[in-house]
Amino acid sequence: MTSRADDLDGRPGSSPGEALPGGAPRRVFLETYGCQMNVADSELVRGLLARDGWVVVPDPAEADAILVNTCAIRENAEERVLGRFTQLLQHKQTRPGVQLGLLGCVATHQRERLLDRAPWIDLIVGPDGYRDLPELLRGGTDPRIEVRLDRDETYADLAPDLAPGPRAFLTVMRGCDKFCTFCVVPFTRGRERSLPAEAVLEQVRSAVGEGKREVVLLGQTVNAWRHDGLDFGDLLRRVARVPGVERIRFTSPHPSDVGESMIDAMAGEEKVMPWLHLPLQSASDPVLAAMQRGYGLDEYRRLLERIRERIPGIAVSTDVIVGFPGETEADFEATENFLRETRYDFAYLFKYSAREGTRAWKIEETVDEAEKGRRLERLIALQEAISLERHREQVGREAEVLVEGPSKRPPGHVHGKTRDFKTAVLPGDGIEAGDLVRVRIEDATAHTLLARPLGIASTLEGVGRSASVTRESGRPEGDVTSR
Ligand code: SAH
Ligand code: SF4
Ligand code: F3S
């Protein structure tokens, strides 16, 4: 993607739909909130708009169209986004031709209310409406709304404009059919649908062609992927065969969709990384039942035991919600004990947030904000201690790091991920983004491993090259930014 068109600087905003003199490109600013799937959707949108002649600019003050890709998962996420729009409105006030567009999950979640709350928004486009964006950006002065969900839309034929860095996030399935009672996703993103395997493989090949070394396959229930008789394990095995792919990850799998085929692929494919994000939500059976998660604690525990047996040393992370309606102190303690027993490598911990339209919205809340806060703090403290212990166990061990770019601190260092998805920081001398570096772990905090590159003669296990640093010859220069 080109950066900015300097010859257009200082040009007053034009009206929507008006062609610029000399057919000059129009400029778009795109900001993204929410999960990796939203990030990947923004890459798709950038690709689409670039093909229509738009240029992405880094500053809303320079843009003819300001788009915000939004998240509705919790109330504060949604409110933050609407607050951001109030700030962005100033650009429209000073340059009346500027178009403001709201994309993503808030578009479908708030479809009825958005125009009352923010009548100055020009475009409201849900996750299945992006194909129409170039056309919608061309047309008229009335608000343009495309919030229909489309059970066939996978964007399989569209090339995303991937962000810089050695890792590519690639959506392999969209939507969710699970309808957990707390969750807006099935309403904001619609029904589950998978991209054909060949379309996924084409995207992987194209990412590798751009110098990516790691792919992260994405979906809200990514392991529900199936197409033409193939399951998610088959997909992992096929992706692992693409020449040039060094590392494969995926997120988020749903416990109920974990099959033997997926476990076999994780255990048998060297390129499928030993890390699994397996959302738990709660360790109390009554709460899991009220959430309609589709599994009980014993089932989850047995599944995790089987996975740990088959893939020794695998890192496991999770999501937990505290304060779901009806969660008693004993339910909460069950979750606390399970975190202690399971020793997750890390966990995303959330306070329950009632979302309109979900089944749980109608259930009266029984845990007040202060109590939710107390439960959350307790889990955070526990998990921080466990994460620190887990990290300390790594000290003295060797690991392989895929370098993503300069680290914020200490100066002169770079950061990247180990095979088991731990963040490592190491001295950056002679090391570039995209390098796979063999390191020894020397120190650890709860969030970071401090590492030292090993001598150049050490062997990169599993990749079979004899250097501590391996490079792709075709990697584009300047590809150093990480997310
Ligand atoms: N599809 C994934 C999760 C997607 S949403 C799965 O089912 O595992 C990411 C996480 O946000 C969820 O796992 C859950 O922990 C949290 N979350 C979703 N809805 C929420 C709500 N209403 N309140 C609080 N946390 C929520
Ligand atoms: Fe939401 Fe449940 Fe679907 Fe995950 S599986 S996206 S939590 S409804
Ligand atoms: Fe948010 Fe939508 Fe993702 S609600 S978490 S951006 S699927």
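The points below take up the conventions first, then the ligand site and the two residues.

1. This is a predicted model, in which local features need pLDDT of at least 70 and side-chain atom pairs count only at pLDDT 80 or more, while totals for chains, interfaces and linings use all residues. Residues are numbered from 1 along each chain as its sequence is written, chains are lettered from A and ligands numbered from 1 in the order in which they are written, and side-chain values use heavy atoms, with hydrogens and water left out.

2. Ligand 3 is surrounded by Cys35, Asn38, Cys71, Ala72, Ile73, Cys105, Val185, Arg189 and Gln220, each having a heavy atom within 4 Å of the ligand. Because domain 1 (21–146) and domain 2 (167–392) both give residues to this shell, ligand 3 lies between them; the domain bounds come from an automatic or database domain assignment.

3. Ile124 belongs to strand 5 (residues 123–125), strands being DSSP runs of E with at least two residues, numbered from the N terminus. Its relative accessibility is 3%, so Ile124 counts as buried (under 20% relative accessible area, with a 1.4 Å probe and protein chains only). The C-alpha atoms of Ile124 and Gly104 are separated by 8.5 Å, although the two residues are 20 apart along the chain.

4. His277, in strand 12 (residues 275–277), is likewise counted as buried because its relative accessibility is 4%. Its side chain makes polar contacts (N or O atoms within 3.5 Å, one able to donate a hydrogen and the other to accept it; residues adjacent in sequence count only if both atoms are side-chain atoms) with the side chains of Ser317 at 2.8 Å and Asp319 at 2.9 Å.

Definitions and conventions. Helices (H or I, at least four residues) and strands (E, at least two) are DSSP runs, numbered from the N terminus. Buried means under 20% relative accessible area, exposed over 50%, partly exposed in between (1.4 Å probe, protein chains only).
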